Each structure stands twice: as C-alpha cells, then as structure tokens.
Amino acid sequence: MSEKKILLTEKEIPQNWYNIMADMPNKPLPPLNPATREPIGPEALAPIFPMGLIQQEVSAEKWIEIPEEVRELYKIWRPTPLFRAYGLEKALDTPAKIYYKYEGVSPAGSHKPNTAIPQAYYNKQEGIKKITTETGAGQWGSALAMACNMFDMECEVFMVKLSFNHKPYRKIMMNTWGGTVHASPSELTQAGRSILKKNPDSPGSLGIAISEAVERAVQEETTKYSLGSVLNHVLMHQTVVGLEALLQMEKAGDLPDVVIAPFGGGSNFAGLSFPFLRLNFEEGKKIRAIASEPASCPKLTRGVFRYDFGDTVGMTPLLPMYTLGHNFVPAPIHAGGLRYHGAGVIVSQLLKDKLIEARSHHQIECFEAGIKFAQTEGIIPAPEANHGIATAIQEAEKCREEGVSKTILFNLCGHGNFDMSAYDAYFSGNLEEHELTSSEIESSLAELDTPTI
Ligand SMILES: *Cc1c(COP(=O)(O)O)cnc(C)c1O
C-alpha cells in the first residue's frame, strides 16, 4: 500500500460522537461548588451554558447523535485527510510508519471548529443571542466567531494580550467573521481590572481571559459563555477526528501502536485518542496514547492531581485535575494554545489511572521538529502542533535505534500560516528556552487552598 493520502466521503462523517465516560473504569470525581465545596449538579452550570451542552457534559451515554445541521456544516471541511508521512519517515531513516490526521483544512485552520459549530448550534436552539469566550493563540476565538456567524449570533472574544500583540491577523479573522475582540486582561471586567491593578504589564493567560469572559456572560440572560477545551462535551465533540482516523487507518490496512497529540486542555488529544482507547477498553488492544505538552507549562508531567479552578480568579467550579495552580502564568512561549494551567478532568483521570501517557518538550526542540516536518511533508504546522511532532519524531527515532517497526499516528491539529512571527523568532535566534524551576511550580502550588484528592 503506497497511498499518500487516505480520504473518506461525506457519508463517512461520523453520525455520533463517542463519549469515553461510558467506558472509563474510574469515573472522574464530581466538580465542587467554589463557595461551599460541596459536589454540584448540572443545574449549577445553567447560568453560563445551554442545557443541551450541560446534558452532554454529564452524560454517560456511549454514543451521542450529531445533529443533522451540525453534520451539514462539518461538510465544509470534513472528512479531513489522513496522510502517511513518507517524507518524514525517509528523513528520519526510521522503520516506523508515521501517519498524521490533518485538521488544518478547516476554515479557521485548526481542529477547533469541530466543537465551535455544535456549541453555537445548541446555544442557538435555546434562544441565545451572544456568546463570550477566551482565546489564547486565537484559534479558538476565530473558530467560535465563524460558528456564531453561521448561526447569526454575536461573539465577544477575550484574547490573551501576549497573543493579541503577536498575532494581529488572528484578530482580523475574528473581525471578518463578525466577532468583537478585546486584549485580556482588559478594563471591561472586574476580573481584568483586578489583574491590571496588581500587574499593569500582565501578558495575560487563558485563566485570566476565562474569568473575564465568564463574568460578561453571567451579566446577561441571552448571553452565554463557551469554552474551547477542557470540558467533557468539548472533548467529546472532537472525537470526530479519531473516529474518522480509525476508519482511515483501517482503509490503509493499519492500526496505530501509538497515537500522539499536543496538549493544551485536552481537546485535540481526546479527539484523536479516545476512539482508539475505546479499542483498548472493548477489545483489549494496547494502543498507547501520548499527550505532548510544553516544558514551560507542564501540568501533566510536573503538576499535581487535585481540585482547582478552571480560571485564575476562581469563578468556575472546582475541578479534579492535573494542575500547576490557577495562579500559574506560563512563560510567553509561542504555542499560545498550550499555555493553560490545568487539564480536562477526563484526561486527568485517565492519566491518574495510567491509561494514557504524557511527555514534555522544550520550545526550540518543537520548532526544530516542526521545521523538519515542513521541509519533508510541506505543511507548516502550528507551534502547538509542533509538540506532537516532537514526540512522534522521538518515537520514530526509538524505532530506528531498537530496529523495530511501529505504527505512529499523530494529530496535526492546525497549520502555522498565521504564526510566521514565531518561526521568524526561531530563525533569527530569538526564541527563548524558559527553564521552569521546581521552586516556581512549588510556589504556585503552595498558594492553592483548594481540596486535595
Ligand atoms: C487550541 C489548540 C490547542 C490546544 O488545545 P487542546 O484543547 O489541548 O487541543 C492545540 N493546538 C491547536 C492548533 C489549537 O488551536
């Protein structure tokens, strides 16, 4: 079989999302009310999310039907292609077979529209007029702006200031789809003002931007908030990626030994890996899943498993997760989408139960991996995606050293066409390495007074 590109037809777009909750041996612990610290039920989320999504958030159903209207819009870019990385394999001189699923073909250039479309759909169903959100690198904000536009709703985006300044074109994309964008921390919210008071030069973080977007959403009845990662329903929407990839791997006559994806809050990792983990649960397969995170924001490899807030100010429910502490402000690396202090609760529980693995990479190693990829496969990856490529290269090199052939599949979750300033920094030798010391992590964790597990 020497196919380069394995394609599916529109009919093969999945009919259902896969909900891994149904198969997990240990279900995640419940979220806690931030004030009383008692477990909260789904109704507590009603001020910020529509019921359609809350039901998915707590569902134990294994398969959840994708609404027809959502499948229709998915057709704009789905099914996405799966490629065999012959060029990269050759350059690495590895006996490993390397495949990648390419999500950069979406209009927004990443996997994010896979959940933006259904989230906008369920909000629209319930009469919502405006959605607020945060964005790091701008991928999520642009995906949601596009989705809101398709359903004729307003979209207000709080964009981490560092990225707002680094990535002006992402902002213009959001404007083009009718979205309004503010640099975060902003003067528009209590949360933003309190951060700016303490640190007028704050580069912002996803945690801060979430606080701002949530604050805006609770103020108005027809405004809701939307999150681009971390939550169960977001991870579930992304399983269209892995469900398609599984079909494509079958068409290629292969099955991965290891699946790899970069890790910010867990959505593209979950999207690719959960449908393969299902085979472990159901058929006793032993497919490894590796989450690739930045060494400067290493919640999975150096964080702790305990209750923490999803945002910086402490407005969200307390979630049981791997975290570096909600006050942790990661170094200003270019992979803005990975600069988040915590991890989704499902992924956290799976890691705790040793059903998945995690690995961290330094920024320069990631750019080297991404450039090797661009020069052998053509596509210039998003800085976030470079983390998964770095892990895939390590695995392929291990195969060469050990003389074994394995099948590796990774998620190329977005292209880097709007990240030229990051590549420029690399080429001009201005990329910083950011060593994160144990005492920095310890002092962030020491500030936590949230329940331990
Ligand atoms: C948002 C984003 C990420 C990080 O978020 P996850 O939820 O972990 O996927 C990674 N890569 C790209 C391209 C992104 O847009």
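## Pocket, cavities and cores in a predicted model

By class, the residues that line the largest pocket comprise 22 nonpolar, five polar and three charged ones, where Ala, Val, Leu, Ile, Met, Phe, Trp, Tyr, Cys and Pro count as nonpolar, Asp, Glu, Lys and Arg as charged, and the others, Gly among them, as polar. The structure is a predicted model, in which local features need pLDDT of at least 70 and side-chain atom pairs count only at pLDDT 80 or more, whereas totals for chains, interfaces and linings use all residues. Residues are numbered from 1 along each chain as its sequence is written, and side-chain values use heavy atoms, with hydrogens and water left out.

### Pocket and cavities

Rolling a probe the size of a water molecule over the atoms shows where empty space is left. On a 1 Å grid over the protein atoms alone, a cavity is a set of points where a 1.4 Å probe fits but cannot get out, while a pocket is an open set with protein on both sides within 12 Å along at least five of seven lines, and lining residues have an atom within 4 Å of a point. Grid points are joined across faces, edges and corners, and a volume is the space filled by probe spheres set on the points.

The largest pocket holds about 520 Å³ of space. Its lining consists of 30 residues, of which Pro 31, Leu 45, Glu 57, Asn 232 and Leu 319 are the closest to its centre. At least two lining residues of this pocket come from each of α1 (51–58), α9 (206–218) and β13 (318–323), with helices (H or I, at least four residues) and strands (E, at least two) taken as DSSP runs numbered from the N terminus.

There are four cavities of 30 Å³ or more, and the table sets out two of them.

| Cavity | Volume | Lining by class |
|---|---|---|
| Largest cavity | about 360 Å³ | 12 nonpolar, 15 polar, three charged residues |
| Second largest cavity | about 80 Å³ | six nonpolar, seven polar, one charged residues |

The largest cavity is lined by 30 residues, and those nearest its centre are Lys 112, Leu 206, Gly 228, Ser 229 and Gly 337. Two or more residues of that lining are supplied by each of β6 (130–135), α5, α9 and α12 (267–283). For the second largest cavity, with its volume of about 80 Å³, the lining has 14 residues, and Pro 294, Ile 333, His 362, Gln 363 and His 387 are the closest to the centre. The elements that contribute two or more residues to this second lining are α15 (363–377) and α16 (383–402).

### Nonpolar cores

A nonpolar core is a set of buried Ala, Val, Leu, Ile, Met, Phe, Trp, Tyr and Cys residues joined through side-chain atoms within 4.5 Å, and buried means under 20% relative accessible area, exposed over 50%, and partly exposed in between (1.4 Å probe, protein chains only). The largest such core has 75 residues, of which Trp 17, Tyr 74, Ile 117, Phe 274, Phe 276, Ile 346 and Leu 409 touch the most other members.

Thr 450 lies in the segment after α18 (438–446) and is buried, with a relative accessible area of 4%. A polar atom of the Thr 450 side chain lies 2.5 Å from the backbone oxygen of Tyr 307. Beyond its neighbours within four places in sequence, Thr 450 is in contact with Arg 37, Arg 306, Tyr 307, Asp 308, Phe 309 and Leu 318.

Gly 207, in helix α9, is likewise buried, at 3% relative accessible area. Although Gly 207 and Thr 312 are 105 residues apart in sequence, their C-alpha atoms are 4.6 Å apart in space.

### Backbone geometry

Most residues other than glycine have a negative phi, and most peptide bonds are trans. Arg 37, in the loop between β2 (16–18) and α1, has a positive phi near 65° and is partly exposed at 29% relative accessibility. Asp 152, in the loop between α5 (139–150) and β7 (154–160), has a positive phi of about 60° and is exposed at 66%. The peptide bond from Arg 78 to Pro 79 is cis, with omega near -10°, and another cis peptide bond joins Ser 184 and Pro 185, with omega about 5°.

Conventions:
Polar contact = N/O pair within 3.5 Å; in protein donor to acceptor, adjacent residues only side chain to side chain. Contact = heavy atoms within 4.5 Å.
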